[in-house]
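Student: Could you take me through one part of this model slowly, with the cut-offs spelled out as you go?

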Amino acid sequence: MGRSGQALVVDQTGHLIAHPAISKVMQGADEKAALALRGLRDAIAAAGGTAIANRNAENERVVTAGAPVAAAGWTVLVEQSQAEAFAPLYASLWRTGGLFLAATVLAAVLAYWLARWMSGPIRLLEEGALKIGAGQFDHRINIVTGDELERLAARFNQMAQELAISRDRGERMMRLKRFLAPQVAELVEKAGDERMLAGQRAEVIAVFLRFAWLHPIFGAR
């Protein structure tokens, strides 16, 4: 059984029927060893036939499994050192741990790269928001990432443009109201063309008429 495993056969009383070391079989009735083998057989049976961890006659840590031979009333016991038996499990655990560690390192690297990649656009958005909030409506945020940050920058730029238009309209209304009635100023603003207020040259004809009035006392004038 592998490098260190071995199989042995015991009878109903726990005495050895077969063993890789034939000298142990030739020793005959060793009640102490038979008692230990019967206890091992019963423990395996109580575990439902699955392998159990125990110590063998040489006090080595082993894993032992058993199977009955009903026709002869014997039991076949197979033991293997725990180090060899659990080696595939340990190797699997090491592989799993290595993969988990590699995944953790990769996730940390990706998180660091993503944070560095996002910090630049976020800083531009923050600076742009401060400038727009300070009234610099001509400021534009240039972000080319192809994601939500770029769309957010475009919305900021659109908002700044609308605020600039609104500011210009307010200033224009204030200038118009200094010289025109509010209704006329609003009419000019809605028309969107201040040229209608510009002076124009045109030829006009003025006609002056003088009327003669008849007065009953003083006569005609």
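Student: Why are Glu148 and Arg151 separated by about one helical turn in helix H5?

Tutor: Glu148 and Arg151 are separated by about one helical turn because they are three residues apart in helix H5. This is a predicted model, in which local features need pLDDT of at least 70 and side-chain atom pairs count only at pLDDT 80 or more, while totals for chains, interfaces and linings use all residues. Residues are numbered from 1 along each chain as its sequence is written, and side-chain values use heavy atoms, with hydrogens and water left out.

The helices named here are DSSP runs of H or I with at least four residues, numbered from the N terminus. Accessibility is sorted into buried (under 20% relative accessible area), exposed (over 50%) and partly exposed (in between), using a 1.4 Å probe and protein chains only. Glu148, at 55% relative accessibility, therefore counts as exposed, whereas Arg151, at 49%, counts as partly exposed.

By the salt-bridge rule the count comes to three. Another of them links the side chains of Arg167 and Asp168 at 3.9 Å, N to O; Arg167 is partly exposed with a relative accessible area of 37%, and Asp168 is partly exposed with 36%. There is also a salt bridge between the side chains of Arg41 and Asp42, at 3.8 Å, N to O. In that pair Arg41 counts as buried, since its relative accessibility is 18%, while Asp42 is partly exposed with a relative accessible area of 45%.

Returning to helix H5, which covers residues 148-179, one can look at a residue that is not on the surface by these cut-offs: Asn157 lies in this helix and counts as buried because its relative accessibility is 16%. Apart from neighbours within four places in sequence, Asn157 is in contact (heavy atoms within 4.5 Å) with His139, Arg140 and Ile141.

Tyr90, in helix H4 (residues 87-133), counts as partly exposed at 43% relative accessibility, and Glu186, in helix H6 (residues 182-191), is partly exposed with a relative accessible area of 38%. Glu186 is 13 residues from Met173 in sequence, and their C-alpha atoms are 7.3 Å apart in space.

Note on methods: Helices (H or I, at least four residues) and strands (E, at least two) are DSSP runs, numbered from the N terminus. A salt bridge is a side-chain nitrogen of Lys or Arg within 4 Å of a carboxyl oxygen of Asp or Glu.
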